[in-house]
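Subject: Structure for your files

Hello,

Here is the structure I said I would pass on. My notes on what was found in it follow below.

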Amino acid sequence: MRMPLSAVTAATAIALGLATPGLATASPAPAPQQHQGYTGSAAEARANQAFFDAVVKSVAAKRAADPSSTAAVTVVYDPSGAPSFSAQISRAAQIWNSSVSNVRLAAGSNADFAYYEGNDSRGSYASTDGHGSGYIFLDYRQNQQYDSTRVTAHETGHVLGLPDHYSGPCSELMSGGGPGPSCTNPYPNATERSRVNQLWAYGFAAALDKALHKAR
């Protein structure tokens with residue numbers, strides 16, 4: 001969820017970068033230079049897809065190690081790197097868990113992705129660390145300007161496979177900051193819910209088959 005031009009310009013003057021150690025190898029998509037009417041870039045789309053692929057691979061590998069498990073497909077997250085947003089992270093997980101049926105989010109160890117917080121002129125984003133793991137970065141300034149639960153739920157949507165669609169209405173969670181700071185809706189719409197269920201019914205099944213083949 002990228003910031004509008006005014007916020008990007010102001011935050012660039014701070015230019016503090018990622019505040020969390022160990023993320024120096026991260027390569028998030030470049031920040032756009034505008035937001036209203038912005039439709040996303042190819043680089044952002046690739047970063048979002050890479051993040052989703054990393055999470056699916058992680059979950060599938062764990063399931064392949066215990067193929068007899070009958071538990072629901074669970075994506076485990078580590079919120080410890082973003083203590084200031086613990087309430088929003090928990091709420092985002094609750095929203096998604098009540099919205100979709102083929103996958104659930106749960107906090108725990110041996111996580112498939114993590115949350116971090118700090119200052120970044122690019123705003124909040126989801127990306128990979130270059131080593132097969134994904135993370136969500138929550139920017140302080142953006143979470144003050146925009147509804148923080150919506151920001152967190154939006155970025156978590158990337159974990160579940162949804163791309164940005166900035167030109168969408170406020171009722172569409174993945175429209176992110178496109179509708180402006182007055183939009184506070186943190187819930188995915190019916191189309192977004194359906195897409196996530198499809199991805200985790202078929203996309204995950206394919207990833208699990210591949211992981212099981214490697215485990216043999």
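By the rule used here (a pair of cysteine sulfur atoms within 2.5 Å), the count of disulfides comes to 1. The bond joins Cys-170 to Cys-183, with an S to S distance of 2.0 Å. Both Cys-170 and Cys-183 sit in the loop between helix 5 and helix 6 (190-215), so the pair ties together parts that are 13 residues apart in sequence. The disulfide is right-handed, because the torsion about the S-S bond of Cys-170 and Cys-183 is about 90 degrees. Cys-183 is buried at 3% relative accessibility, whereas Cys-170 is partly exposed at 28%. Buried here means under 20% relative accessible area, exposed over 50% and partly exposed in between, with a 1.4 Å probe and protein chains only.

Before the rest, some notes on the source. This is a predicted model, in which local features need pLDDT of at least 70 and side-chain atom pairs count only at pLDDT 80 or more, while totals for chains, interfaces and linings use all residues. Residues are numbered from 1 along each chain as its sequence is written, and side-chain values use heavy atoms, with hydrogens and water left out.

Overall picture

The protein has 6 helices and 5 strands, in the order α-α-β-α-β-β-β-β-α-α-α from the N terminus on. These elements are DSSP runs numbered from the N terminus: helices are H or I with at least four residues, strands E with at least two. Of the 216 residues, 49% count as buried. The accessible surface comes to about 9,600 Å², and 53% of this belongs to carbon and sulfur atoms; the areas come from the Shrake-Rupley method with a 1.4 Å probe, and for residues only the protein chains shown count as cover. Among contacts (heavy atoms within 4.5 Å) with a separation of 6 or more, 67% are between residues 24 or more positions apart.

Helix 5

Helix 5 (residues 148-159) has 12 residues and reaches 17 Å from its first C-alpha to its last, close to the 16 Å expected at 1.5 Å a residue. The expected span is 1.5 Å times one less than the number of residues. How many of the residues of helix 5 are buried? The count is 12 of 12, including Arg-150, His-154, Glu-155 and His-158. At the start of helix 5, a side-chain oxygen of Asp-147 comes to within 3.4 Å of the backbone nitrogen of Thr-149. Just after the helix, Gly-161 has a positive phi of about 110 degrees.

Salt bridge

The partners are Arg-122 and Asp-120, at 2.5 Å from N to O. Arg-122 is partly exposed, with a relative accessible area of 23%, and Asp-120 is buried at 5%.

Gly-81

Gly-81 belongs to strand 1 (residues 74-81) and is partly exposed, at a relative accessible area of 23%. Leaving aside neighbours within four places in sequence, Gly-81 is in contact with Tyr-115, Tyr-116 and Glu-117.

Regards

Key. Salt bridge = Lys/Arg side-chain N within 4 Å of Asp/Glu carboxyl O. Polar contact = N/O pair within 3.5 Å; in protein donor to acceptor, adjacent residues only side chain to side chain.
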